[in-house]
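Trainee: I am new to this structure, and I would like to learn how to read its charged side-chain pairs. Could we go through them together, one after another?

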Amino acid sequence: MSTHPVARTGRRIALAGAVALTATLALAAPAAAHAEVESDKAQALAENVTLSFVSEAESASAGFTEMRVVLPEGIAPGDVTLEEAPKGWKLKATADGYTVGGTALKAGVDAEYAIKVRQLPDAKEIAFKTIETYSNGEVSRWIELPDGGAEPEQPAPVLKLKAAAPGAKPVSPSPSASPTQSAAPTPTPSATESDVAAAGSDTDAKAAEEDDNGSTGLVIGGVVVALLVVGGGAWLLVKRRAASSSS
């Protein structure tokens, strides 16, 4: 009896194991979603600037309900007004930034909105740490800042600015006002106080990164063990069939 069918069986089992490994590694990879910001006038000390934000949906079962943003130094909450947002969404000033939210978006729909800022600060780049809340209570934190090393896994939206125009000067600072709300939005789940604190904490960001790395390591380790088991079974099957054919 020819041993070719036995060899083909072994190759099929090995191929199946390789496909399983590839699929699992793809699932273990970090999400490609991002929170991003763009500007119509990305220049230091520019006035009456429109900033457009996009948060890419990560959940297939829940929609966005709120964005919690920590403003960079040089932009006061009172300097921000809402220009465009999903239907029913409203802006509310906070002590260090703002929230914008309302009726939950459909699952898989990106959150897009725009604000107007009185004046951009005199800086080379500015970051807008963002905490996203979904209708099922899930929270996604885009709060990590670049440190000159590897790119963060959950980077905060960063806007690079051109140098200020000749003669441009800072306008008088806006008076500090208590948080106000442009209109009462539909009650929705919000980021908790601990989530808000996390937006300003590099320690929490590093801890989240370590948890993600640990989870990925466990998944890959499990796949390796599974492949060893499959490989061992394939070897025994090939050996038994070879012995049977020779007898």
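**Reading the salt bridges**

Mentor: In this predicted model, the count of salt bridges comes to four, when a side-chain nitrogen of Lys or Arg has to lie within 4 Å of a carboxyl oxygen of Asp or Glu.

Trainee: What is the general idea behind such a pair?

Mentor: Side chains of opposite charge can pair when their charged atoms come close. One case here is the salt bridge between the side chains of arginine 68 and aspartate 96, at 2.8 Å from N to O. This pair joins distant parts of the chain, 28 residues apart, with arginine 68 in strand E3 and aspartate 96 in the loop between strands E5 and E6.

Trainee: Is arginine 68 buried or exposed?

Mentor: Arginine 68 counts as buried because its relative accessible area of 7% falls under 20%, whereas aspartate 96, at 33%, is partly exposed.

Trainee: Which residue does arginine 118 meet in a salt bridge?

Mentor: The side chain of arginine 118 meets that of aspartate 79, at 3.9 Å from N to O. Arginine 118 sits in strand E7 and aspartate 79 in the loop between E3 and E4, so that the pair links parts of the chain 39 residues apart. Arginine 118 is partly exposed at 32%, while aspartate 79 is buried at 12%.

Trainee: What partner does lysine 160 have?

Mentor: Lysine 160 forms a salt bridge with glutamate 125, their closest N and O atoms being 3.0 Å apart. Lysine 160 belongs to strand E11 and glutamate 125 to strand E8, 35 residues apart. With a relative accessible area of 60%, lysine 160 is exposed, and glutamate 125, at 37%, is partly exposed.

Conventions:
Residues numbered from 1 in each chain as written. Predicted model: local features only at pLDDT ≥ 70, side-chain atom pairs only at ≥ 80, totals over all residues. Heavy atoms only, no water. Helix = DSSP H or I, 4+ residues; strand = E, 2+ residues; numbered from the N terminus. Buried < 20%, exposed > 50% of the residue type's maximum accessible area, 1.4 Å probe, protein only.
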